[in-house]
Amino acid sequence: MKNIYIILALLLTIGVTSCKKKYGEFYKDNLPETPVTFPGTTTFGFNPYISITAADLNAPIKFTLAIPDSSPRTIKEITKVLAGGTAIQPGSVTTATYIAAPIAGNGKTAVFQTTLTAFKASSAANAALINTKTPEIAFIFLVTLDNGETIIPVQVRARVTY
């Protein structure tokens, strides 16, 4: 009798765990048809980054956003920029106010440029972040293509050294 219970338990376990799982919309990558990359950045892990020094607060922090040459689309503009610590989220970029006006694209690329002085002046939290020992600041962009499609690429970072 004990063996029957063991066999039934084993069959039940196999039956429950062998079912094919059906994942919905929230369990797949949300990749845009036109990918945006950041030439000139380094990537270890997920977020591309550049390294800058805090010695010159007016030195440029510059990111080039690019789409593939094979894409039929072009970059119309960088519509919004969200700037802050590495905890910033893409959902907040649509209401971001880091730039006063959109930055025009140039065919397959667009260039965003700022400084540590501008970053510090944008909010009290950003100013406090720069005063930490080894801050890493982050930017998220809302990019509009020539056909009106909008893309939010991955977060890009600037590692600040003293």
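Biologist: Which residues is Thr79 in contact with, leaving aside its neighbours within four places in sequence?
Modeller: In this predicted model, Thr79 is in contact with Ile99, Pro102, Leu142, Val143 and Thr144.

Biologist: And where is Thr79 found, buried or exposed?
Modeller: Thr79 belongs to strand E3, residues 75-84. Its relative accessibility is 19%, and the cut-off for buried is under 20%, so Thr79 counts as buried.

Biologist: Which side chain does Thr79 join in a polar contact?
Modeller: That of Glu77, with a polar contact of 3.1 Å.

Biologist: Let us change topic. How many aromatic pairs are there?
Modeller: The count is 7 aromatic pairs. One of them is Phe38 with Phe141, a tilted pair at 6.1 Å centre to centre and 35° between the planes. This pair links distant parts of the chain, 103 residues apart: Phe38 sits in the loop between helix H1 (2-17) and strand E1 (49-53), and Phe141 in strand E6 (residues 136-145).

Biologist: Are those two buried or exposed?
Modeller: Phe38 counts as buried at 7% relative accessibility, and Phe141 counts as buried at 0%. Phe119 and Phe139 also form a pair, edge-to-face, with 6.0 Å between centres and 65° between the planes. Because Phe119 lies in helix H2 (residues 116-122) and Phe139 in strand E6, that pair ties together parts 20 residues apart in sequence.

Biologist: Which residues form the aromatic cluster?
Modeller: Phe38, Phe63, Tyr98, Phe112, Phe119, Phe139 and Phe141 form one cluster.

Biologist: Finally, what lies over the face of Tyr49?
Modeller: Arg159, at 3.6 Å from the ring centre.

Conventions: Residues are numbered from 1 along each chain as its sequence is written. This is a predicted model: local features need pLDDT of at least 70, side-chain atom pairs count only at pLDDT 80 or more; totals for chains, interfaces and linings use all residues. Side-chain values use heavy atoms; hydrogens and water are left out. Helices (H or I, at least four residues) and strands (E, at least two) are DSSP runs, numbered from the N terminus. Buried means under 20% relative accessible area, exposed over 50%, partly exposed in between (1.4 Å probe, protein chains only). A polar contact is a pair of N or O atoms within 3.5 Å; within protein, one must be able to donate a hydrogen and the other to accept it, and residues adjacent in sequence count only if both atoms are side-chain atoms. Contact means heavy atoms within 4.5 Å. Rings of Phe, Tyr and Trp (its six-membered ring) pair if their centres lie within 6.5 Å; planes under 30 degrees apart count as stacked, over 60 as edge-to-face and the rest as tilted. A charge sits over a ring if NZ of Lys or CZ of Arg is within 6 Å of the ring centre and within 35 degrees of the ring normal.
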